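User: I'd like to learn how to read pockets and strand pairing in a structure. Can you walk me through it?

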Amino acid sequence: MRNMSKKTWKLRVWNHMTEMQKLDILLKHAKVPHTYERRWPEMDRPDCQEYLPGGRHDGGEQITAYDAAGNRIWDGIWGWGSYGFEQGLIEVMGRQALGLDDVEGWLTARQVTKMWRCRNAAKNR
């Protein structure tokens with residue numbers, strides 16, 4: 001895959017990734033400090049199959065973005081109870097991304113990065 005063109009990579013790999021995996025890659029390319037981890041790792045126990053990845057009550061994944069000082073600026077989650085879980089879409093929360101203390105759901109990775117960049121561009125004008 002090393003010598004694969006961008007177009008071939010998008011056709012073979014990008015279309016088979018989850019929205020959270022796509023958001024992780026987009027944030028890495030934008031050099032945004034963030035963490036990508038399981039949302040409730042303490043629930044991933046073999047004795048409780050419903051909470052394991054792919055289970056009915058999968059806790060899902062969480063991406064937390066930070067500013068240069070290391071302060072949390074917004075979160076993106078996908079998992080049981082989030083808006084868009086059944087469709088594989090992301091829910092975002094945080095003043096930096098939305099401009100208010102609320103959540104926005106049913107978003108793709110591109111929509112999340114676009115929303116966050118537009119807020120930053122408006123703030124820096």
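Predicted model: local features only at pLDDT ≥ 70, side-chain atom pairs only at ≥ 80, totals over all residues.

User: Which sense does the pairing of strand β2 and β3 have, and over how many bridges?

Analyst: Strand β2 (residues 61-66) pairs with β3 in the antiparallel sense, over six bridges. A handy landmark here is Q62, which stands opposite I77 in β3. Between the strands of this hairpin there are five residues, and G70 takes a positive phi near 90°.

User: What should I keep in mind about side chains in a strand, and how many residues of β3 are buried?

Analyst: In a regular strand, side chains alternate between the two faces of the sheet. As for strand β3 (residues 72-78), six of its seven residues are buried, so to speak mostly covered, with buried meaning under 20% relative accessible area.

User: Now the pocket. How do I go about seeing empty space?

Analyst: The general idea is to roll a probe the size of a water molecule over the atoms, which shows where empty space is left. In this model, the largest pocket holds about 220 Å³ of space.

User: Which residues line the largest pocket?

Analyst: The lining is made of K6, W9, K10, W14, I25, L26, H29 and R110.

How values were computed. Residues numbered from 1 in each chain as written. Heavy atoms only, no water. 1 Å grid on protein atoms, 1.4 Å probe; cavity = no way out; pocket = protein on both sides within 12 Å on 5 of 7 lines; lining within 4 Å. Points joined across faces, edges and corners; volume = space filled by probe spheres on them. Buried < 20%, exposed > 50% of the residue type's maximum accessible area, 1.4 Å probe, protein only. Helix = DSSP H or I, 4+ residues; strand = E, 2+ residues; numbered from the N terminus. Pairing = 2+ DSSP bridges.
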